[in-house]
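Biologist: I have not looked at this one before. Could you walk me through it slowly?

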Amino acid sequence: MARHAKAYSKSRKSLPHHADEMALTETCKLIFNILYYYPDLAESFSVSIPHIFRILSRIGVLKPPLQPPVNTLINALIPLDLENKKSKHLGMNPVFPKFDQNHNIELLIDILHQAITSYKEDDLDHIAAPVLNLIRKIYGFAPDGVRKYMQWLMLPTDADRKKPLGQLDTLSARLLRLSTSPMLPTLRESISAMMFELSDNDANKFVHNVGYGFASGFLLSHNIAVPQTASDAFSSPEDAGKPAVNPITGQRLDMEEPCETGPEMTQEEKEREAEKLFVLFERLKKTGIVDVKNPVEQAVAEGRFEELD
């Protein structure tokens with residue numbers, strides 16, 4: 001891998017030839033397959049981590065972004081000991097380089113963003129899932145500063161709340177839309193799990209960040225206690241002084257468009273609607289399927305019915 005990294009050195013005026021790219025792709029496949037069957041050997045390949053990130057940085061974001069060798073480089077990183085638990089000889093973790101701790105994770109998030117805008121939605125389940133899982137893996141052991149940066153990049157911002165969450169073209173909005181896609185059983189679960197992790201695995205923060213509409217399904221399917229009411233998630237001291245937010249959609253209340261209720265009903269129209277409801281309740285009562293009491297009869301029985309001249 002060090003030899004491949006030299007071929008992608010900044011001192012070279014051009015990127016390697018196609019044959020070299022094919023050789024790099026096969027090397028990455030070899031690393032992935034060895035560690036898939038023999039995960040205990042991960043420490044032996046840890047020295048390749050900085051070289052892989054160096055190559056990714058040199059390549060940048062391609063069009064389309066997850067073509068070889070980028071996709072195979074990402075796959076090779078997933079089984080490696082990125083947390084540096086066993087490979088102490090590496091010193092500083094190469095995932096967070098000294099010159100800029102956010103450099104590598106920012107590149108991966110940029111690749112993810114370009115991927116979900118470049119490929120057809122029904123292709124993303126197998127194309128984009130690896131890079132998303134790699135981002136989640138790195139977030140799990142990232143230092144606080146990097147975590148906060150990732151949250152800033154991937155969670156909805158105040159600008160996103162001008163509309164119901166998921167309606168803009170930002171990264172967070174696109175991810176939220178994909179999290180409910182019926183065509184992406186793997187990716188949508190990973191996206192919701194990542195949003196929950198970015199919310200510090202806290203149900204209240206999760207609802208606060210993405211809205212009850214996007215959060216409730218994930219929380220219920222994983223038997224995680226949800227806030228008793230959606231508004232509970234927006235009642236923390238941190239929200240004091242901030243614009244009120246619709247707890248279901250995540251949109252700022254002062255940005256919501258007024259509902260068009262149409263012209264007010266006339267008295268005759270109200271009477272006709274009341275007659276229709278009366279007939280419907282009587283029909284439902286005669287079926288015997290449910291025990292329902294006509295609200296008009298109930299009002300008369302309770303003395304709340306008043307005849308008008």
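Modeller: Let me start with a helix pair: the axes of helix 5 (residues 103-118) and helix 9 (residues 171-178) come within 10 Å and cross at roughly 60°. That angle makes helix 5 oblique to helix 9, since angles under 35 degrees count as roughly parallel, over 145 as roughly antiparallel, 65 to 115 as roughly perpendicular and the rest as oblique. Axes here are lines fitted to C-alpha atoms, for helices over the stretch in contact, with angles from 0 to 180 degrees between N-to-C directions. Helices (H or I, at least four residues) and strands (E, at least two) are DSSP runs, numbered from the N terminus.

Biologist: Which residues make the contact?

Modeller: Helix 5 contributes Ile109, Leu112, His113, Ile116 and Thr117, while helix 9 contributes Leu171, Arg174, Leu175 and Leu178, where contact means heavy atoms within 4.5 Å.

Biologist: Before going on, what should I know about the model and its numbering?

Modeller: This is a predicted model, in which local features need pLDDT of at least 70 and side-chain atom pairs count only at pLDDT 80 or more, whereas totals for chains, interfaces and linings use all residues. Residues are numbered from 1 along each chain as its sequence is written, and side-chain values use heavy atoms, leaving out hydrogens and water.

Biologist: OK, how many helices and strands are there?

Modeller: The protein has 14 helices and zero strands, and 39% of its 309 residues count as buried, meaning under 20% relative accessible area, with exposed being over 50% and partly exposed in between (1.4 Å probe, protein chains only).

Biologist: Which residues of helix 8 are buried, and what covers them?

Modeller: In helix 8 (residues 144-154), the buried residues are Val146, Tyr149, Met150, Gln151 and Met154, and their cover includes helix 5, helix 7 (129-141), helix 9 and helix 10 (185-198).

Biologist: Where is the cis bond at Pro64?

Modeller: The cis peptide bond runs from Lys63 to Pro64, with omega near -5°, and Pro64 lies in the loop between helix 3 and helix 4 (70-77).
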